[in-house]
Amino acid sequence: MRYEVLIGERTVQVEMAADGGVLVDDRAVALETTPLDAGAWTMRLDGMSHEVHLLSRDPLRLWVDGHEVRAGVTDERALVARHTGGRAASGRHELRAPMPGLVKGVHVSEGDEVRPGTPLATLEAMKMENELRAPAAGRITRVAVSAGTKVEAGALLVVIAAG
Amino acid sequence: MSSVPPLFRSVLIANRGEIAVRVMRTCRDLGIRTVAVFSDADVGAPHVRLADEAYPIGPAAASESYLRADRIIEVAKRTGCDAIHPGYGFLSESADFAESVAAADLVFIGPPAEVQRALGEKTSARRIAREAGVPIAEGTMDPVADEQAAAEVAARVGYPILLKPAGGGGGKGMRVVRGPDELASAWRGATGEATSAFGAPALLVERYLEGARHVEVQLIADQHGAVVALGERDCSIQRRHQKLIEETPGPSVDAQLRGRLVSAATAIAVAAGYVNAGTAEFLVTPDGGFVFLEVNTRLQVEHPVTELVTGLDLVALQLRVAAGERLPFSQREIRSQGAAIECRITAEDAYAEFLPSAGRLGMVRLPAGPGIRVDTGIESGLVVPTEYDPLLAKIVAWGPTRDVAISRLRRALAETVIAGIPTVVPFHQHVLADPDFRAGRYDTSYVARQWHGQTVDLEGTALTAAAVAAVLTQRGRERHAAPADSSAWTQAARADVLR
């Protein structure tokens with residue numbers, strides 16, 4: 001199976017062959033991998049020693065030799081799908097609660113035009129009031145909460161149609 | 001030593017997290033029994049296990065547990081404690097709590113209620129400072145009634161202005177307003193946060209000083225009138241007025257400025273009749289002038305940097321002066337050696353505007369080695385609750401010079417693994433590598449100007465290792481999500497990769 005892996009800004013092709021070989025960017029690599037625990041590895045390659053930890057799955061964050069990086073993995077089936085029929089991202093942005101908390105205020109109404117950075121709602125969590133801002137310009141098509149609503153992480157707050 | 005009776009028999013620590021652990025450690029050093037209290041959210045927390053005794057005081061919400069003075073005092077009485085240490089936050093700056101503790105015939109490890117009242121309320125603190133001859137920022141002496149009144153003050157002193165809660169410290173609820181168009185949103189946020197943090201929406205309006213550094217002086221005073229200053233800390237690396245990095249000595253503080261800051265802090269402490277540990281905070285302007293901000297009437301989060309350069313244990317000193325002992329040194333005997341820097345490791349996403357994070361921690365590995373001190377309240381597998389302050393741990397480095405301390409701290413941060421929830425570790429790594437920070441060139445606007453979520457680029461075999469780990473993770477996820485889809489060759493290939 002072939003995978004396209006995004007590490008930070010860099011794209012790497014990884015192929016895991018049925019015979020157990022690993023190809024990175026079409027080059028066979030002699031990688032010695034020792035799992036330490038679930039989501040933790042010692043990896044040795046060309047004498048270089050690396051330590052890798054899985055920090056979180058969604059989003060995929062890895063710890064590599066003391067540094068945190070974002071990663072994304074696309075397998076060949078998804079790659080094929082993307083090249084044949086994948087649609088471009090629609091012009092709809094959903095603002096979701098980044099963590100559980102209390103909606104202290106909603107500063108927009110349906111129909112309002114917003115710019116990137118316009119405050120949409122205030123979420124109180126961990127003793128702080130967090131101003132949640134518009135990720136893109138557009139028109140508010142839905143306001144799903146009101147002041148006083150307790151929300152779980154991931155709860156839909158506001159929908160913006162990109163303008 | 002064994003013939004000397006301990007200062008107290010048992011101390012109740014009315015707090016949680018890293019500070020409860022830190023206070024208990026000194027109590028143990030001094031042969032004092034420790035009693036922990038905990039909310040339902042903290043049953044498995046390290047501070048509960050570390051204590052000799054531990055008792056539940058209510059549900060997760062702080063207002064029903066760690067802020068319940070009545071329950072805490074009841075536990076202290078029932079368990080035969082002779083003193084209560086409040087830590088920081090929660091009830092530490094509540095004069096009413098200090099009074100109730102004293103009324104229950106227990107010793108409050110902190111300043112007495114009347115000192116808390118005089119300095120805890122900002123208007124009164126500003127009066128004390130002004131009468132002691134210490135400069136204060138231009139603005140209102142009393143809280144303003146509404147947004148309109150704030151606008152009038154702003155027109156008088158000029159923008160930018162700072163809105164700050166009259167009722168408490170710690171930077172909570174403070175807002176900088178750069179022009180009239182920002183006032184409405186800032187007023188809304190500041191009054192809301194002031195109400196939830198301090199129970200009162202009252203706000204003061206002050207002129208905001210651009211390019212200023214936040215420098216504070218550590219004080220310790222006994223019940224016999226002695227006040228000693230233990231040097232300064234620069235705490236200018238802040239976001240939303242919450243400190244992230246603190247260091248001593250302040251890179252911009254020369255001997256002359258240090259002398260003036262120490263004199264000002266001491267004058268305020270003497271004027272207020274201060275007792276126990278406290279911190280006088282100042283804003284230092286680029287021309288070397290300064291204004292008084294506030295006194296924090298408690299142990300400060302960043303106290304370890306002072307401990308590392310002075311060799312003192314501030315909690316031990318708090319216990320000694322609370323027990324009535326005299327300070328064992330005079331101002332002239334205080335020696336400071338080397339430099340110390342602290343990074344606050346908070347459960348906040350450095351890549352999402354420091355939004356708080358919470359949830360179950362995966363693997364936690366904290367650093368050690370030469371010159372490194374770690375104060376922590378977390379462990380692998382612990383759930384970080386949403387109800388409390390997001391501080392997880394403090395990583396502190398000491399070195400004979402500031403450069404050595406920075407090198408050690410960078411090494412320590414690179415050893416640190418906290419899986420499961422986002423933290424500010426990448427932010428700290430970026431700052432400690434930044435030439436401006438390394439040269440000591442920073443002020444309170446540093447984070448807003450310098451941090452844009454910069455990431456590190458992996459090279460060579462590290463990039464390969466990361467890519468393969470990402471694929472292994474993805475395959476593990478597929479196996480869990482759809483076991484039927486996990487063909488024999490996938491298993492075989494995975495096993496081979498893991499060889």
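How are α7(B) and α8(B) oriented to each other? I opened my notebook with that one, keeping in mind that the model is predicted.

**Entry 1: two helices of chain B.** I looked up helix α7, residues 147-157, and helix α8, residues 183-198, both of chain B. Their axes come within 11 Å and cross at roughly 120 degrees. Angles from 65 to 115 degrees would count as roughly perpendicular and those over 145 as roughly antiparallel, so α7(B) and α8(B) are oblique to each other. I also noted that their crossing is right-handed.

Next I checked who makes the contact. From α7(B) I found Glu147(B), Ala150(B) and Ala151(B), and from α8(B) I found Leu183(B), Ala184(B) and Trp187(B). I sorted these residues into 5 nonpolar, no polar and 1 charged.

**Entry 2: domains.** I found chain A divided into domain 1 (2-84) and domain 2 (92-162). Their C-alpha centres lie 35 Å apart.

**Entry 3: where the chains meet.** How many residues of chain B are in contact with chain A? I got 49 residues of chain B, in contact with 59 residues of chain A. My friend α8 turns up again among the elements of chain B that give two or more residues to this side, and so do α12 (402-415) and α17 (488-497). The most comes from α16(B), with 14 residues. By class, I listed the chain B side as 29 nonpolar, 13 polar and 7 charged residues.

Technical notes
Residues are numbered from 1 along each chain as its sequence is written. Chains are lettered from A and ligands numbered from 1 in the order in which they are written. This is a predicted model: local features need pLDDT of at least 70, side-chain atom pairs count only at pLDDT 80 or more; totals for chains, interfaces and linings use all residues. Domain bounds come from an automatic or database domain assignment. Axes are lines fitted to C-alpha atoms, for helices over the stretch in contact, and angles run from 0 to 180 degrees between N-to-C directions. Helices (H or I, at least four residues) and strands (E, at least two) are DSSP runs, numbered from the N terminus. Angles under 35 degrees count as roughly parallel, over 145 as roughly antiparallel, 65 to 115 as roughly perpendicular and the rest as oblique. A crossing is left-handed if the near helix is turned anticlockwise from the far one by less than a right angle, and right-handed if clockwise. Two residues are in contact if their C-beta atoms, placed from the backbone, lie within 7 Å. Ala, Val, Leu, Ile, Met, Phe, Trp, Tyr, Cys and Pro count as nonpolar, Asp, Glu, Lys and Arg as charged, and the others, Gly among them, as polar.
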